[in-house]
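Dear colleague,

Please find below the structure for your review. My notes on its sheet and on one pair of helices follow it.

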Amino acid sequence: MSTPPLDLVGGPFAVIESDPGVFTSLIRKLGVRGLEVIELYSVEAHETDHLNPYGLIFCYLCDSSSDSAELDSNEELNDPDARSIWFANQLSEDACASQAMLNVLLNCKGVDVGPVLRRFAADTDEMSPVMRGLAVSNMPLVREAQNSLARPADIRGARHALASSALESAKNKAKAAASPPSKKRKTSASTSASKRKRKATSARADSAEKLDAYHYIGYVPAHGRVWELDGLRTGGPLDVGEIDADAPTANSSRAGWMDVVRPALQRRMQTVLESGAEHIQYNLLAIVDDAYLRASDELEMLKRERTAIERRLAECFPDGWANKVDPTLLASASEAFATTLRPRADEAGKVFAPDFGSRKMEKELAILDMAERRLVPAWEDCVRAALSAKVAVEEEIEKSRRAQADHVRRTFDYEPFIREFVTALENEGLLEGVLK
């Protein structure tokens, strides 16, 4: 089996959509397990606290002038609290999605980022933010993962922009090498005014050619504080605030951090709204635990609980216990524990939580100590809970199917078909009539 050649130069990053399904696919392609990305429509406590997010990605519309202003700012780089934060500057223009995601993920505690990103974080631990950004831009895994989720037209556009930039740079170098150095001479007032006029006209033309672009900023709790991670900020991570250490749930590194980041997000949202846009030009993504893994584990726990209860029922009622439970629940019990991916309800499926075994043992010990009169109600409660858990699992399966269908539609290249179809219409003499 031949080994593919090593790409030492790489290629451009293509723009991807700020969609939760796209970003979920991105982190999975990067090797991260157990997480998904969802969209938040509000930052109020009742909308976010139950999610307990690991980090946030704020996407907003900005222009290149504002970006360059941030890059040119002279900010303090020697913040002692920020030295423990993994932060990379953005060096590739369209790599901001992957850049922001890596800045957040590599600062999350208790997250399985996979062997590749774990090794990458260790290798770049002593690097400066600029060198880390260069390492990200030249990492094939990141570039291939992002480009695999882009539209074919966006990939072609990125390659065309790279080729045009390289060609323009080559022309400028050739022109500078061919032209002799000009002699300095005094200019009249009219000549100076003409030059200023041409310069102003050129500046207006450049500003007219600037295209709006979306930029991503990450927010993450780490080391007792909340950090804003903007790859275009030369000053490094921005300290948003300190997490309340006296909170009742302060033992968790993510407890209470949304109360700290909420005012910063609201200010950014208000700034975008005051920019005069006709519609909302930002969205907020949250990195949370994978809902399918949680729902699947819940159903698998109920499946094992049912088995333990039925074992006790068989011991307590040797002549049979089926006539002692609700007949409706008895009829639906076999379907309650079966899903689309695991159609056999009597077989134990795969589990994901590391503490699943210990929780299962606690359940089984409690059932062994359960009084006989409580076994039948416990079995009925277990089946009812399984019916609700199955609905949650099926919803997550359907969500994954829709995301996969959207991915196929997004990444399929329709251009060859459209080109051939238009050519066929022209060959048959039908194109002119269609255009009319």
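In what follows, two strands are said to pair if DSSP finds at least two bridges between them. Please note that the model is a predicted one.

**The sheet**

Six strands form an open sheet in the order S1-S6-S2-S3-S4-S5, and their pairing is antiparallel. Strand S1 (35–40) and strand S5 (238–242) each have a single partner strand and stand at the edges, so one side of each is left without a neighbour in the sheet. From one strand to the next, the twist averages 25°.

Within this sheet, strand S3 (residues 213–222) and strand S4 (residues 225–229) are joined in the antiparallel sense over five bridges. Tyrosine 219 is placed opposite glutamate 228 in S4. Helix H1 (residues 20–29) packs on the sheet, where H1 touches S1, S3 and strand S6 (282–289). The direction of H1 makes about 160° with that of S1.

**The helix pair**

Helix H11 (residues 291–316) packs with helix H13 (residues 356–368) at an angle of about 30°, and their axes are 10 Å apart. Because angles under 35 degrees count as roughly parallel, H11 is described as roughly parallel to H13. The crossing of H11 past H13 is right-handed.

On the H11 side, the contact is made by Asp297, Glu300, Met301, Arg304, Glu305, Ala308, Ile309 and Arg312. These meet Phe356, Arg359, Lys360, Lys363, Glu364, Ile367 and Leu368 in H13. By class, the residues of this contact comprise nine charged, six nonpolar and no polar.

With kind regards

Conventions
Residues numbered from 1 in each chain as written. Predicted model: local features only at pLDDT ≥ 70, side-chain atom pairs only at ≥ 80, totals over all residues. Heavy atoms only, no water. Axes fitted to C-alpha atoms, helices over the stretch in contact; angles between N-to-C directions. Helix = DSSP H or I, 4+ residues; strand = E, 2+ residues; numbered from the N terminus. Parallel < 35°, antiparallel > 145°, perpendicular 65-115°, else oblique. Left-handed = near helix turned anticlockwise from the far one by under 90°. Contact = heavy atoms within 4.5 Å. Nonpolar A, V, L, I, M, F, W, Y, C, P; charged D, E, K, R; others polar.
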